[in-house]
Amino acid sequence: MQQRQDAGARLRPSVESHGKRRSTVLAFDGVRGSGGWQFGEALAMSFPSAPSVARPAGVRSRPRLRRLSSAAPERVADGVWLLRGGLVRTMNVYLVEEPGGSGVTVYDAGEKGMAAAIVVAARGFGGITRVVLGHGDTDHRGAAPALRAYADVLCHPDAVAQAEGSGGRDYWRMNDLPLDVRLLHGFSHRFVWDGGPVHIDDTVEEGDAIAGFEVIDLPGHAPGLIGLWRARDRVALVSDCFYMTDMHGRRQPPAVPLDAYNLDTAQAKRSIGKLASLEPAIVLPGHRGPLTGPDVVAQLEAAAA
Ligand SMILES: [Zn+2]
């Protein structure tokens, strides 16, 4: 692991501009052209230009909102718990029990509204020891800024720019999405999923040990996408290495993520192939799942083809 204690110094000059908001309006020309400029404005994606290095205050927790934001933790493998969040429960956050100690590693941070549910669920295991982002997209860093009140946030070095910056927006090709999906996602990224840029305290790379798992590189969908792999029972946590949901949140068999959202689709397929070659028994993706059963490897190989 490479400590990023210098990050405060590095970011200090830009912290002065913190609070200024940079806005990027995605292609909503059709909406504007039809006189719906206010709707277009509402869909503008804006985000602070730099994440705050200072720790935030703790998360306020209202039981009713918490239950709305996430289901109760579900045990999906030895010492691994899944929080299904979001309105239709497609946003996965995993709590991984620390071996021989108290606390849990949080893998992926879901959407921003899940923060309180994550904190309360983790408390039952002794609290959050660290937050590891599978990648820096809006719907995976969502609760991470709020969780920094409790623990460091880590990701792969190649994911730092996205986690601390646009959350994927600078390379997505939203114009390639169907209009209805573009509008729905434009709104969701801005108002529902993204908690904004998060300061990354430390980085992890392939081979590093995390809560009894080892880090594996699975880039392609996003830069620096990492999974966690545990050979003893062949469990893999893989974030968005593949999708088990379509663009409307409906279930689908494992597939390479939609090209419009990928940094490099060919690389994403190679990463799915790499995952298949590990012959996992249980694969825990970033949305829906788990992927289990006798044909896990065959399904991954089909998605990689
Ligand atoms: Zn995702």
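An open sheet of five strands runs in the order β11-β12-β13-β14-β17, with mixed pairing. Strands here are DSSP E runs of at least two residues and helices are H or I runs of at least four, numbered from the N terminus; two strands pair if DSSP finds at least two bridges between them. This is a predicted model in which local features need pLDDT of at least 70 and side-chain atom pairs count only at pLDDT 80 or more, while totals for chains, interfaces and linings use all residues. Residues are numbered from 1 along each chain as its sequence is written, and side-chain values use heavy atoms, with hydrogens and water left out.

The edge strands of the sheet are β11 (209-210) and β17, each of which pairs on one side only. Strands of a sheet pair through backbone hydrogen bonds, either parallel or antiparallel.

| Strands | Sense | Bridges | Residues opposite each other |
| β12 (213-217) and β13 | antiparallel | four | Glu214 and Trp229 |
| β13 and β14 | antiparallel | three | Arg230 and Val235 |
| β14 and β17 | parallel | four | Ala236 and Val283 |

β13 and β14 form a hairpin with four residues between them, and Arg234 in the turn has a positive phi of about 55°.

Strand β13 (residues 226-230) is mostly covered, with five of its five residues buried. Buried means under 20% relative accessible area, exposed over 50% and partly exposed in between, using a 1.4 Å probe and protein chains only. Ile226, Leu228 and Arg230 point one way from β13, while Gly227 and Trp229 point the other way.

**Zinc site**

The protein donors of the zinc ion are Asp139 (OD), His140 (NE2), Asp240 (OD) and His287 (NE2), at 2.1 to 2.4 Å from the ion. Donors are N, O and S atoms within 2.8 Å of the metal (3.2 Å for Na, K and Ca); water is not among the atoms, so sites may look incomplete. Along the chain the donors follow the spacing D-H-x99-D-x46-H. His140 lies in helix α6 (residues 138-141) and Asp240 in the loop between β14 (235-239) and β15 (243-245), so this pair ties together parts that are 100 residues apart in sequence. His140 is buried, with a relative accessible area of 1%, and Asp240 also counts as buried at 1%.

**Nonpolar cores**

A nonpolar core is a set of buried Ala, Val, Leu, Ile, Met, Phe, Trp, Tyr and Cys residues joined through side-chain atoms within 4.5 Å. The largest has 28 residues, and those with the most contacts inside it are Val106, Ile118, Ile128, Leu133, Leu147 and Ile200. Elements that each supply at least two residues of this core include β7 (104-107), α5 (115-123) and β8 (128-132). The largest share, five residues, comes from α5.

Contact means heavy atoms within 4.5 Å. Leaving aside neighbours within four places in sequence, Leu133 is in contact with residues including His140, Ile200 and Ile226. A second, separate core of 20 residues includes Tyr94, Ala211, Leu228 and Leu237.

**Helix α11**

In helix α11 (residues 296-304), Val296, Leu300 and Ala303 are buried. They cover an arc of only 60° around the axis, which puts them on the same side of α11; the arc is that of the directions from the helix axis to the C-beta atoms. The buried residues of α11 pack against β16 (251-255), α10 (265-277) and β17 (282-285).
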